[in-house]
Amino acid sequence: MPRPLKLGLAVFLLAGCVPQAGPGDLVNIPEPSEYMRGYFPLKVIFDKKKPNEMIVLLSSGRTRKVRILAISMPVGQKLWEYSFDNRVVRDIYPDPEGGVWAFVEQMKLKGRRTVRDFRLVKVRNGEEVTSVELPDTVYTDWYSFVTDGKRFVGKPTAPPIKFTVCNRTGEIEKAFPTFRTLKEFYDAFRKYASKPNFKKYVLTVDGKVTIISEALDSLWVYDMESGELLKGVRLGDPQIIPRGGGRAVIMNRVVSAGIKGGDTVWVLTLKDIRYFVDGEPIYRVDFGDKRFLTGTIKNDTFYWITYDKSVRIAPVSKYTVVEVKGRGE
């Protein structure tokens, strides 16, 4: 088990704004716009046990209010909501047994010190049903996470650390690499000092951990048990506009990622869907001039939220496969 190295790391990334989706979509559901008023949709998932329950992570921005909203699809009816008062939610992911897990960070006073409190909070039907406390270390300061059986796999914000595996009690089972001292960690961190530290999405497929950059410039596949790098794929130069102060606008950022058919990774960007097997791209589906805030893919159906907060639905087959490498659908 790695030694706990405590460190606060701040990475600022500003996502670009895009116009709303155009006409001609298969299904348009305007009702959710009422439930999302005053909030910005960050991520969309579906409950594993209730396939028609779409869950949206929402943020109010400057007021730092965060909530998750459940909507019945394709009806568009609000089912429930849950607010995270004075807490920062980094990511959400569905539990295989139903409900949704949220990675939550909160600042708390401990004596005369202010400390970070990391927790994985499970919410079901609008109520918090359980909470798992994680130690405050560089290994558990996650950008994103997934559930893998009875374990959680997270991608830390610290670029030298590839991924961390925790059990359902919050204990760190594995972390790659590990560092014996803070000096070792800082020495490794210096190698990344001049490079932008983009958010990373993490997925698990057949005992392998796939990590993809939000800027869509690179993808890595690791063995979950040994931490060995199995494959690294360069996807191209990141399309960014630097804004100074460590911030940048990503022109074609990743908004969601998931698994199709047990072995295929899909990656949803603001312009297309990209499919990978064992880290290799196999085909890409282009959206043309369609633009949206966020969305997800379920059963080869594309669900997205437009700039006016409506939800639109269309089969992936509605769009064109513009690039094929190795194999297609």
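A residue is called buried under 20% relative accessible area, exposed over 50% and partly exposed in between, with a 1.4 Å probe and protein chains only. At 64% relative accessibility, D206 therefore counts as exposed, and this residue is found in the loop between strand 15 and strand 16 (208-213). The model is a predicted one, in which local features need pLDDT of at least 70 and side-chain atom pairs count only at pLDDT 80 or more, while totals for chains, interfaces and linings use all residues. Residues are numbered from 1 along each chain as its sequence is written, and side-chain values use heavy atoms, with hydrogens and water left out.

The protein chain has 329 residues, and buried residues make up 53% of them. It holds two helices and 28 strands, where helices (H or I, at least four residues) and strands (E, at least two) are DSSP runs numbered from the N terminus. Contact here means heavy atoms within 4.5 Å; among contacts between residues at least 6 apart in sequence, 47% join residues at least 24 apart.

The strands can be followed through their pairing, and two strands pair if DSSP finds at least two bridges between them. Strands of a sheet pair through backbone hydrogen bonds, either parallel or antiparallel. An open sheet of four strands has the order 3-4-5-6, with antiparallel pairing, and its edge strands, each pairing on one side only, are strand 3 (40-46) and strand 6 (77-84). Within this sheet, strand 4 (residues 53-59) and strand 5 (residues 66-72) are antiparallel and share seven bridges, and V56 has L69 in strand 5 as its bridge partner.

Rings of Phe, Tyr and Trp (its six-membered ring) pair if their centres lie within 6.5 Å, and planes under 30 degrees apart count as stacked, over 60 as edge-to-face and the rest as tilted. The structure holds 20 aromatic pairs. In one of them, the rings of F103 and F118 have their centres 5.5 Å apart and their planes at 35°, so the pair is tilted. Because F103 lies in strand 8 and F118 in strand 9, this pair ties together parts that are 15 residues apart in sequence. F103 is buried, with a relative accessible area of 1%, and F118 is buried with a value of 0%. Both belong to one aromatic cluster, formed by Y93, W101, F103, F118, W142, F145 and F152.

A nonpolar core is a set of buried Ala, Val, Leu, Ile, Met, Phe, Trp, Tyr and Cys residues joined through side-chain atoms within 4.5 Å. In soluble globular proteins, nonpolar side chains tend to be buried together. Of the 43 residues in the largest nonpolar core, L120 and F163 touch the most other members, and strand 15 (residues 200-205) gives the most to this core, with four residues. Leaving aside neighbours within four places in sequence, F163 is in contact with residues including V153, P156, F176, I211 and Y222. A second, separate core of 18 residues includes W266, L268, F292 and F302.

Some details of the backbone remain. Most residues other than glycine have a negative phi, and most peptide bonds are trans. A cis peptide bond joins M73 and P74, with omega about 0°, and P74 has its place in the loop between strand 5 and strand 6. The peptide bond from F176 to P177 is also cis, with omega near -15°, and P177 is found in the loop between strand 14 (172-176) and helix 2 (182-189). D206, although not a glycine, has a positive phi of about 50°. D300 likewise has a positive phi, near 60°, and lies in the loop between strand 25 (294-298) and strand 26 (301-305); at 33% relative accessibility, D300 counts as partly exposed.
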